[in-house]
Amino acid sequence: MASVINFPVSPSFVINSQYKTSFRARAQSVGGGDSTVLSSGSIAVNGDPVSREKEKNGALIDVGNGTLKPRVEKKKLVKNVISEELEVLWDDGYGTDSVKDYLDAAKEIIKPDGGPPRWFCPVDCGCPLKGSPTLLFLPGIDGLGLGLILHHKPLGKAFEVRCLHIPVYDRTPFEGLVKFVEETVRREHASSPEKPIYLVGDSFGGCLALAVAARNPTIDLILILSNPATSFGRSQLQPLFPILKAIPDELHGAVPYLLSYVMGDPIKMAMVNIENRLPPRIKLEQLSNNLPALLPRLSVMSDIIPKDTLLWKLKLLKSASAYANSRLHAVKAEVLVLASGKDNMLPSEDEAKRLNNSLQNCIVRNFKDNGHTLLLEEGISLLTIIKGTCKYRRSRKLDSVADFLPPSRQEFKYAFDQVVGLLRVASSSVMLSTLEDGKIVKGLAGVPNEGPVLLVGYHMLLGFELYSLVEEFLREKNIMVHGIAHPEIFLGRLENSSNEFGMTDWLKVMGAVPVAARNLFKLLSTKSHVLLYPGGAREALHYKGEEYKLFWPEQQEFVRMAARFGATIVPFGAVGEDDIADLVLDYKDLMSIPVINDYVRELARDTVNIRDETRGEVANQALFFPGLLPKVPGRFYYLEVSLKDKENANELYLHIKSQVERCLDYLLKKREEDPYRNIIDRTAYRAVYGDEVPTFKLD
């Protein structure tokens, strides 16, 4: 389906980043050595500074005496700057590293040095944004601290990342590790009491994070637990653990190989740096190259977990699980649990449900196709997950505007190729805009580049038009459009029962903010492009026969705010919902069906009211999912008409509404002239010409 939009011309809007030259990295040991605060040119381990140099793969390695450094000779200095903000569609670097890099780095870092557990800052993380919170990574059973290697680059922009390294032959008991992490957390809290501290716990590290949180309920902690080992007592491998003690030393070399297959999916590990948009033949070819390169490197697993260390780690897991489970009631922190559906080591999905019920402030995201080593497998960047679940903040309270991080180029590709890819192909959207002289042109040349800009329009059934609109602004103009969304999207009650990272999460990644006067104020004051639907849920969940009918409140809710900041108001129309699906069951139909009507009433009771109920029909809309019958896709069309200045707020409001209605009438008429409205015609055109499919002739 095609989209057509029309907008007035205005000057370009360029975001200039500010850069400052300050960065700190603290390193410490469990042995009581003093912490050292260093400049951006160095890192310290146990008080010894190490040059902050970077090589191709960017991993730090242990070279003895507690010192970490890059693992190749060719070195390049890291740029010593901290930026104020990220650009839209920035390169987050996710997918450039893989499990091969993890195994290569592990081969060096496991060399014994007799040192205690310690923190290190991965060089790949670079310098974070100004005011970024601290993220402490607590490793799994390997103890290396390299489990975030796929995520170092994106996380390094949003956090000061530090990773815990537990040497292979270290025998610090669980409570000793808890105290070590706790001391670091308390120091960080003392130095920045207004910032949250993130604890990312992988498997065993999840128990460690929960234990620290239980002992420090007054500190602002955010826990991200990847397949936490709190379910170790119910592990599928529990009957096999006693056998490990009896295995001869000469046969132990095979055990880590077996564990590597149990803990993770080698295919998904090898798929990390392969783009999903590639043709199947090329993807298979790249996979066939990656797998042979990966498998020989697994031999290092026997060095990471020798027999004595493995037996010690199993005891450590048992004590860690018991310690954490006995203190779940004391955990006050925000918790995000990431659970794999194909975890062959732990019952992670069931454990996620248990933790969700046991913890006071917990949400879950399931990844049905991943194994135990979720963070080392192909999927979504951890930073994307944090953003999509509204867990990223830089102060005690989340600010949806100030804490927003723009989507990266990788997030953009994933969202619009895989998440809404089918709708995108089916809609084949064409955007039209109107220049100041009234001429309609293809593309967004008529849209002001410089904000503040307020896009005001009609909300199609289920908001189908939203995705093409946001995508085209990003693709053509590199402009982030913030959609003002219903607060239920941010409260988690609209998530599907599978708790997978889904559409509502991606809406938040792509700039949606809760509808609130303060959020509109902040967006307009920062010269943003804002998307507003006055009809809200009443239009998006309209009844039969109400297609393309506006349901706007009587009050001029947004006009005065826009006038205060001198915002350009851009009315637009969008049509095409009736070319996607037939509405067969609306609210009235659902309320006449037993059982279903009880569910709708229950949902309505819990729904947040965003308008005073005395303000008419638009304020009383109950949330529900209508019954739809898919159709052979047609096309989406968008159109905007320029406004003339009006001093009276009520007059301007009515004028905006009338212009949106005129856009809808115009598009409904003109789409009948489109020779490629049907998807079959568009597909045939692409097959022959391979170009962008044309639409009706422009006036």
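**View 1. A seven-strand open sheet with mixed pairing, in the order S11-S13-S12-S14-S15-S16-S17.** This is a predicted model, in which local features need pLDDT of at least 70, side-chain atom pairs count only at pLDDT 80 or more, and totals for chains, interfaces and linings use all residues. Residues are numbered from 1 along each chain as its sequence is written, and side-chain values use heavy atoms, leaving out hydrogens and water. Strands here are DSSP runs of E with at least two residues, helices are runs of H or I with at least four, and both are numbered from the N terminus. Two strands pair if DSSP finds at least two bridges between them. At the edges of the sheet you will find strand S11 (118–120) and strand S17 (362–367); each has a single partner strand, so one side of each lacks a neighbour in the sheet. On average, and with direction ignored, neighbouring strands are turned by 20 degrees against each other; the axes are lines fitted to C-alpha atoms, for helices over the stretch in contact, and angles run from 0 to 180 degrees between N-to-C directions.

View 2. Look for Arg118, which stands opposite His165 in S13.

**View 3. Strand S18 (residues 430–434), largely enclosed by the rest of the structure.** Five of its five residues are buried, where buried means under 20% relative accessible area, exposed over 50%, and partly exposed in between (1.4 Å probe, protein chains only). Both faces of S18 are covered: Val430, Leu432 and Thr434 lie on one side, Met431 and Ser433 on the other.

**View 4. The partners of S18: strand S27 (residues 637–640) and strand S19 (residues 440–442).** With S27, S18 pairs in the parallel sense over two bridges, and here Met431 faces Tyr638. With S19, the pairing is antiparallel over three bridges, and Leu432 has Lys442 as its bridge partner. S18 and S19 form a hairpin with five residues between them, and Gly438 in the turn has a positive phi of about 90 degrees.

**View 5. Helix H3 (residues 174–191) packed against helix H4 (residues 204–215).** Their axes are 9 Å apart and meet at an angle of about 60 degrees. H3 and H4 are therefore oblique to each other; angles under 35 degrees count as roughly parallel, over 145 as roughly antiparallel, 65 to 115 as roughly perpendicular and the rest as oblique. The contact (heavy atoms within 4.5 Å) includes Phe174, Leu177 and Val178 of H3 and Phe204, Cys207 and Leu208 of H4. Its residues divide into 10 nonpolar, no polar and four charged, with Ala, Val, Leu, Ile, Met, Phe, Trp, Tyr, Cys and Pro counted as nonpolar, Asp, Glu, Lys and Arg as charged, and the others, Gly among them, as polar.

**View 6. Lys522 in helix H18 (residues 517–525).** At 27% relative accessibility, Lys522 counts as partly exposed. Leaving aside residues up to four places away in sequence, Lys522 touches Asp399 and Val401. Lys522 and Ala402 are 120 residues apart in sequence, yet 8.3 Å apart in space, C-alpha to C-alpha.

**View 7. The whole chain, for orientation, with 24 helices and 27 strands.** Of its 699 residues, 58% count as buried. Among contacts between residues at least 6 apart in sequence, 81% join residues at least 24 apart.
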